[in-house]
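Here's a quick briefing to read with the structure open next to you. Take it one topic at a time and find each piece as you go.

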Amino acid sequence: MDGLEKTSAFQLDDAAAVEYLKAVTQVLAKYAWIYNVRNTDIFQHNVLENIPLSWCEVLNDLSCENFCQLPFNLTKDNWPLSLSSFVSECHQLGNFRFPPSTLQDKQKTVEKSNYVHEKVASKKQFEIEVMANLIDRVCQDLECHVILDIGSGLGYLDQILHHNFNLKCIGLDSSVKYTLAARDRLKKDSCKNSMQHRTLEVKYSEKCVEDIKSILNEKENWKCSCFAQEANGPVVMVGLHSCGNLAQDMMKLFCQMDELAALVCVGCCYNKINLKDFPMSRTAQSALEETCMKHPEWRPCTSGLRLAAHGTRSHSINMLMNPHTLKCLFYRGLIEYYIKKENITWQQPKRHIRSSDLLNFEIYCKNMLSNHPLGNDETTFKNLKILFDEKVHLFPRVRILLVLQLLLQPLWEGFIIVDRILYFREKSMRANVLALWDDAKSSRNLALCVYKRAISGLTSSF
C-alpha cells in the first residue's frame with residue numbers, strides 16, 4: 001500500500017489522528033445547532049432564527065461568486081469574529097477530507113467496460129471501473145486471486161474483476177431478487193463459473209461468520225474458458241457503496257475471520273449507522289468523552305451522520321444558488337411545522353417536485369395536499385398562508401443554513417473515517433483511506449483499505 005498512500009485522503013499518524021478527533025468533536029459540539037434537527041423540522045426548532053443576525057447581514061451581502069467560495073477557504077476582514085472563527089475552523093479541519101490527488105488521477109484514463117450494461121448510469125459505471133483497479137492493486141500486493149464482494153447486486157464489479165484482472169469472485173447480497181438477476185445476467189458468460197453469487201444478509205454475528213466460512217470452503221467448479229488461477233489462498237473482502245451499518249459489520253467480520261487478508265470498502269448512507277456502533281475505535285470514544293465533559297448536552301446523532309452523507313462542497317455548491325432547492329426546503333418545512341402544530345397526520349407524496357409545484361407557496365400546498373382530506377379545506381389553506389406571511393422574512397436564511405451545513409459536512413465525514421482507520425490500527429492492522437475520484441463527480445469517493453499483515457515488495461506504480 002506504500003504507493004497507494006500517495007493519494008491518501010487522511011495521511012495522519014496516530015498522534016495527529018487523536019488531535020484531529022479532539023478538535024473535530026469540539027467544533028461539532030459547539031455548532032450542533034446548525035445540523036441537529038432534520039431540515040424539514042427547522043421551523044419547529046427555530047433553526048433559522050438561531051443563526052446570528054450579524055452572520056446573516058454579512059453573508060447576505062456577499063456576491064453569488066463569493067458565497068459559492070465560502071466552503072473553499074473564503075473569509076473576509078469585515079466579518080464578525082465569531083463567524084470568522086467558525087469558518088476558519090471548518091476550513092482547517094475540513095481540508096483533511098480533500099486530498100490533492102486521487103486514484104483516478106494516477107490511472108490517467110478509465111476505459112468503459114464492455115461488461116456493464118449501457119443502461120447503468122455513467123457515474124456508476126465509472127465508480128465500478130475505478131474501484132476494480134484499486135482492488136486489483138491490493139490483490140497484486142497479496143498475490144490473491146479470490147474476492148468476496150459484499151452487496152454484489154447484479155454482479156457488474158465481479159464481472160470486471162474477473163475478465164480484466166483474472167480474479168475469482170463470490171458475490172453476496174441480501175436480496176434474492178438481485179442474486180437471481182445476477183445469475184441470469186451471467187448465464188451466457190463463458191466464465192460464469194468464476195463469478196458465484198449467493199443470497200446472504202451480511203450482519204455481524206457468529207452465525208454470519210459461520211455462513212461466510214461455509215461458502216468460502218465449498219468446493220465449487222471454478223473452471224472457465226480463460227483458465228484463471230485456482231481459487232485458493234487469501235481472500236479480499238470488498239464493498240462498493242456499503243450502506244450504513246453494513247460497512248461497520250464488514251469491519252467486524254473482517255477482524256474475526258482469518259480467511260480474509262484485506263478489506264476494500266467504500267461506505268455511504270452514514271445516517272443509517274447504528275449509534276450504538278459509533279464511534280468504533282477506543283481512541284475516538286476517548287475523544288468523545290472528553291468533548292462531552294465540556295459539552296454535556298452533545299452526543300453524536302443521526303442528524304450529524306446524515307450531514308456526513310450529504311454531497312461534498314464541490315458536488316453540492318451549485319445547489320445553494322438554485323431557487324427551486326431553497327423554495328422546496330422552505331415550503332416543506334412550513335407544511336411540516338403546521339401539520340405537527342395542528343396534530344395532523346400527513347406524509348409527503350412520493351412524487352418528483354416539479355418547477356411548476358414551486359411557483360408559489362399556495363400552489364405547492366395544493367399539490368402536496370391534493371390526496372389528503374385537507375386538500376379541499378379552505379381554512380387550512382388560509383392558515384398556511386398566514387404562516388407563510390409570518391415566516392417569509394426568514395427565506396434568505398435558508399441558503400445561509402445550507403452553506404453552514406456544507407462547511408461542517410467534511411468534519412462529520414472526517415470523524416467517521418478517522419474513527420474507522422484507528423479501529424484497525426488499534427488491532428495492529430495497516431489501514432488507510434484513499435480518494436478514488438474527484439468528489440465533484442461523486443461525493444462518496446473514499447475507500448477504506450486495510451491489510452491484516454505487513455506486505456513486502458509493495459507495488460509503487462500508483
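Strands β6 and β7 (residues 446-451) pair in the antiparallel sense over six bridges; two strands count as paired if DSSP finds at least two bridges between them. Keep in mind that this is a predicted model, where local features need pLDDT of at least 70 and side-chain atom pairs count only at pLDDT 80 or more, while totals for chains, interfaces and linings use all residues. Residues are numbered from 1 along each chain as its sequence is written, and side-chain values use heavy atoms, with hydrogens and water left out.

**The strand pair**
- Look across from V433 and you'll find L448 in β7.
- Five of the six residues of β6 (residues 430-435) are buried, so the strand is largely enclosed by the rest of the structure.
- Here, buried means under 20% relative accessible area, exposed means over 50%, and partly exposed is in between (1.4 Å probe, protein chains only).
- Strands (E, at least two residues) and helices (H or I, at least four) are DSSP runs, numbered from the N terminus.

**Helix α17**
- This helix has 14 residues and reaches 20 Å from its first C-alpha to its last, close to the 20 Å expected at 1.5 Å a residue (the expected span is 1.5 Å times one less than the number of residues).
- Its buried residues are T380, F381, L384, L387, F388 and K391.
- Seen down the axis of α17, those buried residues fall within an arc of 120°, so they line one face of the helix; the arc is that of the directions from the helix axis to the C-beta atoms.
- In general, an α-helix has 3.6 residues a turn, so residues three or four places apart point the same way.
- E378 and K382 are exposed, on the face of α17 turned away from its buried side.
- The cover over the buried residues of α17 includes α2, α15 (323-341) and α16 (361-368), with contact meaning heavy atoms within 4.5 Å.

**Salt bridges**
- The whole structure has 17 salt bridges, each one a side-chain nitrogen of Lys or Arg within 4 Å of a carboxyl oxygen of Asp or Glu.
- E49 and K391 form one of them, at 3.4 Å from N to O.
- E49 sits in helix α2 (residues 47-50) and K391 in helix α17 (residues 378-391), so this pair ties together parts that are 342 residues apart in sequence.
- E49 is partly exposed at 32% relative accessible area, whereas K391 is buried at 13%.
- R282 and E426 also meet in a salt bridge, at 3.9 Å from N to O.
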